[in-house]
Amino acid sequence: MSEALVRIFENVVLTEEKSLRAGYFNDLSIAEMHTLTAIGPYDARTMTNTAEDLGITTGTLTVAIDRLVKKGYVHRERDKRDKRIVRISLTHNGKLACRMNSKFHRVLAKHILAGYDEADRKKLLDLVNEVDQYVEQQLKRYEGSENVRATARQVAKDTTKEKK
Amino acid sequence: MGESNITREKILEEVIRIMAETLEISPEEITADLNFNSDLPFDSLQLYEFVIDVEEHYNIRLPDELLDEVKTVNDIVDVVYKLAVK
């Protein structure tokens with residue numbers, strides 16, 4: 001089970017990476033594509049909110065946005081009323097890349113579900129949601145944790161206890 | 001946009017214009033009954049180019065879930081009309 005989970009995760013990322021390299025947006029890395037997705041195709045967002053969603057610092061996001069602005073995928077401007085706030089939004093090309101990437105995910109999900117009937121689909125979706133919630137919970141334990149190694153040890157310890 | 005005096009005919013005309021521009025064909029070649037899958041030569045990139053242009057022109061949102069229901073030019077005009085007159 002654990003091997004299969006890790007393999008699924010790695011292969012999805014790898015497939016996404018390869019499809020990006022082979023496609024129209026081969027100047028984008030996966031991390032950059034995820035940054036575009038976090039900004040989203042519609043409203044402008046603040047740097048702070050986007051960094052929070054991506055789980056990175058605003059400093060790291062600034063470096064990423066600098067590159068995406070240069071490549072023509074992101075538009076950046078200061079708020080007209082409060083100059084301290086920087087707002088970012090996707091350019092036409094950025095929106096295009098974001099939507100093509102969403103389509104990749106949708107097609108992948110559609111193909112995975114295609115072999116199942118309605119009842120099995122529901123069962124599969126319920127199970128996937130449970131796994132998703134569990135992984136999300138584990139991730140939350142690291143929030144605000146300065147010592148990631150200690151938290152990882154605690155997670156491993158608790159998981160072993162649960163198994164017993 | 002969100003104009004209240006906007007008509008369905010105007011939207012059909014504009015949608016066909018944007019579509020023809022994206023596909024680099026003459027607007028005369030496009031009629032309201034044409035099907036996106038079988039009649040119009042869109043690849044997936046062109047399709048999103050068209051969708052984003054329509055979104056920006058009318059200041060509306062056309063998420064994939066909504067587009068799943070769209071089969072013909074008439075269908076997309078109906079969706080745009082509904083959203084643009086709101």
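Two residues count as being in contact if their C-beta atoms, placed from the backbone, lie within 7 Å. Keep that in mind as you click around this predicted model, where local features need pLDDT of at least 70, side-chain atom pairs count only at pLDDT 80 or more, and totals for chains, interfaces and linings use all residues. Residues are numbered from 1 along each chain as its sequence is written, while chains are lettered from A and ligands numbered from 1 in the order in which they are written.

**Stop 1: where the chains meet**

Show both chains. Seven residues of chain B are in contact with ten residues of chain A. Now select residues 44-58 of chain B: this is helix α2, and it gives five residues, the largest share of chain B's side. (Helices are DSSP runs of H or I with at least four residues, strands are runs of E with at least two, and both are numbered from the N terminus.) By class, chain B's side has three nonpolar, one polar and three charged residues. Here Ala, Val, Leu, Ile, Met, Phe, Trp, Tyr, Cys and Pro count as nonpolar, Asp, Glu, Lys and Arg as charged, and the others, Gly among them, as polar.

**Stop 2: all of chain B**

Stay with chain B and colour it by element. You'll find four helices and zero strands, in the order α-α-α-α from the N terminus on. The C-alpha trace spans about 30 × 25 × 20 Å along its principal axes. Of the 86 residues in chain B, 21% are buried, meaning that 20 or more other C-beta atoms lie within 10 Å of a residue's own, with C-beta atoms placed from the backbone.

**Stop 3: two helices in chain A**

Hop over to chain A and select residues 47-54 (helix α3) and 58-70 (helix α4); they pack at an angle of about 105 degrees, with their axes 9 Å apart. That makes α3(A) and α4(A) roughly perpendicular to each other, a label for angles of 65 to 115 degrees. Show side chains for the contact: A:M47, A:T48, A:T50, A:A51 and A:L54 come from α3(A), and A:T58, A:L61 and A:T62 from α4(A). They divide into four nonpolar, four polar and no charged.

**Stop 4: the strands of chain A**

Next, pick strand β3 (residues 86-90) of chain A. Strand β1 (residues 45-46) of chain A runs antiparallel to β3 and is joined to it by two bridges; look for A:T46 opposite A:R87. Strand β2 (residues 74-78) of chain A also pairs with β3(A) in the antiparallel sense, over five bridges, and there A:R76 stands opposite A:I88. Pairing needs at least two DSSP bridges between two strands.

Technical notes
Axes fitted to C-alpha atoms, helices over the stretch in contact; angles between N-to-C directions. Parallel < 35°, antiparallel > 145°, perpendicular 65-115°, else oblique. Buried ≥ 20, exposed ≤ 12 C-beta atoms within 10 Å, placed from the backbone.
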